[in-house]
Structures are given as C-alpha cells and as structure tokens.
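Colleague: Hi! I'm new to this one, could you walk me through it?
Modeller: Happy to, let me put it on the screen.

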Amino acid sequence: MNNNVAGFVRAQGKKLVNGDGEELILRGVGLGSWFLPEGYMWKFPEQGDRPRKIERIVEELIGSEKAAEFWETYYDRYTAEADIRKIAEEGFNSIRIPINARAFIEDGEPVRFRGNNLHRLDLCIDWCRKYNVYAILDLHGATGGQTGANIDDSENDQPELFTNAIYRRMTIDLWRQLADRYKEEWIVAGYDLLNEPLPDWNAALNSELMPLYRDIVKAIREVDQKHMIVLEGAHWSTDWSIFDEMIDDNTLLQFHKYWNNPDTESIQTYINDRERLNAPIFMGEGGENNIDWYSGAFRLFEDHDISWNFWTWKKMDTINSPCSVNRPEGWDRLVDYLSGGERPSMEEAQRILWTYLDNIGIENCTYHPEVVNALFRRAPVRIPAIFYGYQGSGIGYHIGAKADRNVGFRVNDKTDIRFVDSEREGSNFQHNGGRPWTMDQRLLVQLGAGDWLAYEFTSGNSGSGENVEVSPFGVEIRLRATVESGSWSGLTVSLDGWQLGTARPSNAEWTIVRLDESVMLDAGLHRIVIEAVDGPIQVEWIDIV
C-alpha cells in the first residue's frame, strides 16, 4: 500500500485526505519519552515517574553541570534521523511527537522559547519531510498539567491548566506560536491540542475542556488556516461525550485504546460519533500489550478505516515495542536509590547514565521486527483465530448457526468463541507486560460444517508502494477436532481465492498442521479463508511462516 504522504492533510467529511485529495489512513508510531521522559520507559519506580522527578535525581547524582550535559545528549540521541528513516522504511507514514511545554518554554508569561528543543523539533520535521512521514505535534504536557498525573509532568498531581488562568493563557499562546512557526509546513499533519485531559476523578472540570479547545483553535486560526486540529476526549481520551458540536471544519477526533477487547463493540461509540459528527476518527495512542493483541487491534482499525498510532517506538528492556534500549549494567543501582536504597557514587552514577546515553541510539537498541509485523499484520506473522475480519458477516466470516454462548468478546458476531483451557467466563486482554497470553487467557473459534473465517494480512514493505516478490511463505494452523466430530473434520484453506489445501488434525488433540503448498507473495494485501469440512472443529491460530 502506498503511504499517500503528499501535501497538507485535511478532514473531508468522515475521511482524511492528503494534498492531492486522495483518501489517507495514518499509520504511525509515537515518540514516547523523547521530549517528555516517562519513568516506566526507564524502568523507574514512582519516585522517578515523570520528567521533573527524573531531572531532579540526575542532578542530585551527578551535579548540575553534568546533568545539563546529560540532557542535551539525551535529547539529541533519543530520536535521531536514523529513527525516522527506519520508521519510514518499515512502512509507517506518520509519527506523533509528544511535547512537554516545560522542556520548550520559560516559566511564566509571556511565552518565550528556551534551549535547543525547538531546534530539535525543527530537525525532526525536516527528517519527516526527507523520508515522507507526516508529523503530528502532540501537547503531551501542557503548562500546569492537563491530566494531573505523571504522564503530563504535573507538579502537584492536579490538572492546574484548568484552574490557573496563567497556565491557560500560556497554553493558548504556545499553540499560537507553534502554529505561526509551522503554518507552511505541509509535512506537519495536525495539531493534537491536549493529550489525555481530565481523567474521571477530575471530571468536575470537564465543562472547561471544550471552551479551552475553542480558545486554542481561535488562536491557531488567527495565524494558520491550513493545519488540521486534533481533539481528544476526556478520561484518557476515551470519553467523547464532551463533543457536542464540531468547532472547526478541519478536525480529527482522537481516542486511545489499551488493555481491552480488540473488537468492534469496544469502539462502536466512536464509530457512531464519526457518523453523528461527520468527522474522521483516529486511534491516536494504543499498544503496551503483546504482539497477538496487536495483530487483532490494529487490523480492527484498518477494517473500520480508522487511522492509528502505536505507542511507543522505543523504551528500555522491552519485548513489545520495536526498539528496546538495552539496560545498562548497574541500572538497578539507580532504581534501588530511588526506592530508598544506598546512593551510588558520582562516578558510578555518571558511568551508568552515560552507558544509557550510548544505548538509546537506534543503532545500539535491540530491534523487534515481530512487533512491527504484528502491527501491519505483515508476514511472517501469527494471527489468533479469534481475529478474523471485522467487516461483518459475509465479508469477514460466515456461520450457519449462531452460538448460544459467549465469553464477552465479539458477542454481536454470534461466532462460537471459547477458552482453550480455562474456567473463566469472560475474556481478558490485559497487557501481561507484553508476554504471551497465559493458558487461561487463550481463546479459540469453533466452526461447524460450512462455516468460514477470513484473515487479511500484508506482505513486503507496507510503505514501499512497489510490487516486489518476497520470500516464499507457508501456512501453519493450530487446530483440533472435537470428540463428537471424529478424525475426518478439517479445514480447506485458500489464499487470494486459490485453494492451498486441506488441514486435518490427526485426532482430538491439538495439532499444528503445515500445508504442503508454499507460495511467493507479492507486496500488498492478501486474504486467507479457512472453511470447516464436516465439523465441529476448533482453531486457535493461523501462522504465516
């Protein structure tokens, strides 16, 4: 698929279009922990959970002069040109850049930029233009804090943006100045005004959110008529009840999705609001789960024509982000000190921190291509059987008889989804730290004779736009016959309408069957359909290997 990066992005009814008027789906990654370092991405405890705390501990350990050197190097290396080049090579067409106001501007009014981060932002935008990747500017930490938690770097765990008139004026003026600076930059896709404002325990302030959005938009439009406005709902960007009207005709509505069912039912309210408000919608932040969840959730967005952005590109010692920063030797000494343990010497702390600076460059990270493959559902990839197509009956699946049970997942489809081996009654898609699902979380689909399921996946570099031949692939399926079905049950398997063969389990035990036929796949979108012969038969996953 071509990445369609060309000219200013704008909303056109329920769609996004590029500068050539072509429909566009944003497929991106967030640059988490760059301008707003997050403690969990450093494997730090609560005592180092946000930028101001991390800055404090670094200065405490190595002194103000070395701390200043540390941060200048950190900002230079955490996101560099090589990161944007790799993001583009993988087929992403956009990035979301989290901005912490405190890292860019002086305290107090008037709003004055300070330091080198504005220049670094300019450089990143230049790289985006060079590699054909849209940039979304995301105010992740507004002055005073819009959330009142570690994620916005708030000082007092309060959303003081909404209670302090100075912070409010500063945020409006910050956006006016950013818009004036980038008003001619077509590679900037839009302005994400506030990240995850007002969780439910601060819901008493929800009535302040839309008036603030209106004032920010008014200030932006005084200097910039071209760029798209991106608005997030309240309560971790999940509550869209605040959107009672559209305040600008070039607006993208954003929701976030973590740790829950990757099914249509879970996002139906946003799909309904797309119709109600006649506006495009954006899953602007989601991830922090395992790669099986990714292969379902991000296909869900694709099937519903929803732009998406994965969180996050890089963090320490991880298996569920593309880039894993290798943990420096002795890092636990810093963690222990934050938790009240013995203080490392200045020399030891500097050695550990400088090793960290060496490790954050992408060339020194451990790279996980399987994460990106899961996001794009790109071969080689494993697809859990429960993540068949989300386009509805007759397109994504067909069943002859509706199931009389459900596990709280894809309930409207009425397919027969069960646990592989569990006494649970409801599905659980918690993150597990990125680890595979435990046995009591794993699910299967049971098919009767003539039932079929369809799975779309991609091959080759999703962003190349080239019709290139890639390595040969095969198909493996984990399945079993039920006791009542006998050994003759099986599945016919077709790829892009061409029959690959039949997969039959040898008995009622779980069996991995590899089809004899292997195929050369052109770059692009492909479709596998499995159909039950006789039955019932149970399927746990399909692996494109």
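**Helices, pockets and cavities**

Modeller: The crossing of H10 and H11 is left-handed, a term used if the near helix is turned anticlockwise from the far one by less than a right angle, with right-handed for clockwise. Before we go on: this is a predicted model, where local features need pLDDT of at least 70 and side-chain atom pairs count only at pLDDT 80 or more, while totals for chains, interfaces and linings use all residues. Residues are numbered from 1 along each chain as its sequence is written, and side-chain values use heavy atoms, leaving out hydrogens and water.

Colleague: At what angle do H10 and H11 pack?
Modeller: About 120 degrees, with the axes of H10 (residues 331-338) and H11 (residues 346-359) 9 Å apart. Axes are lines fitted to C-alpha atoms, for helices over the stretch in contact, and angles run from 0 to 180 degrees between N-to-C directions. Helices (H or I, at least four residues) and strands (E, at least two) are DSSP runs, numbered from the N terminus.

Colleague: Which residues of H10 and H11 meet?
Modeller: From H10, Trp-331, Arg-333 and Leu-334 meet Glu-348, Ile-352, Leu-353 and Tyr-356 of H11; contact means heavy atoms within 4.5 Å. The residues of that contact are five nonpolar, no polar and two charged. Here Ala, Val, Leu, Ile, Met, Phe, Trp, Tyr, Cys and Pro count as nonpolar, Asp, Glu, Lys and Arg as charged, and the others, Gly among them, as polar.

Colleague: New topic: what is the volume of the largest pocket?
Modeller: About 680 Å³. Of its 34 lining residues, Tyr-40, Tyr-258, Trp-259, Glu-288 and Trp-311 are the closest to the centre. On a 1 Å grid over the protein atoms alone, a pocket is an open set of points with protein on both sides within 12 Å along at least five of seven lines, a cavity is a set where a 1.4 Å probe fits but cannot get out, and lining residues have an atom within 4 Å of a point. Grid points are joined across faces, edges and corners, and a volume is the space filled by probe spheres set on the points.

Colleague: Which element gives the most to that lining?
Modeller: Strand E9, with four residues. By class, the lining of the largest pocket has 11 nonpolar, 14 polar and nine charged residues.

Colleague: And the second largest pocket, how many residues line it?
Modeller: There are 20, with Glu-55, Trp-71, Glu-72, Tyr-75 and Arg-114 nearest the centre. Its volume is about 360 Å³, and H2 supplies the largest share of the lining, six residues.

Colleague: How many cavities are there of 30 Å³ or more?
Modeller: Two. The largest holds about 50 Å³ of space, and among its 10 lining residues Arg-299, Glu-302, Leu-375, Phe-376 and Arg-377 are closest to its centre. H9 gives the most to that lining, four residues.

Colleague: What about the second largest cavity, how much space lies there?
Modeller: About 40 Å³. Its lining includes Arg-299, Arg-377 and Tyr-388, and E19 gives the most, three residues.

Colleague: Last one: how many aromatic pairs are there?
Modeller: The whole structure has 44. One of them, Phe-387 with Phe-409, is edge-to-face, at 6.1 Å centre to centre and 75 degrees between the planes. Phe-387 lies in the loop between E15 and E16 and Phe-409 in the loop between E16 and E17, so the pair ties together parts 22 residues apart in sequence. Rings of Phe, Tyr and Trp (its six-membered ring) pair if their centres lie within 6.5 Å; planes under 30 degrees apart count as stacked, over 60 as edge-to-face and the rest as tilted.
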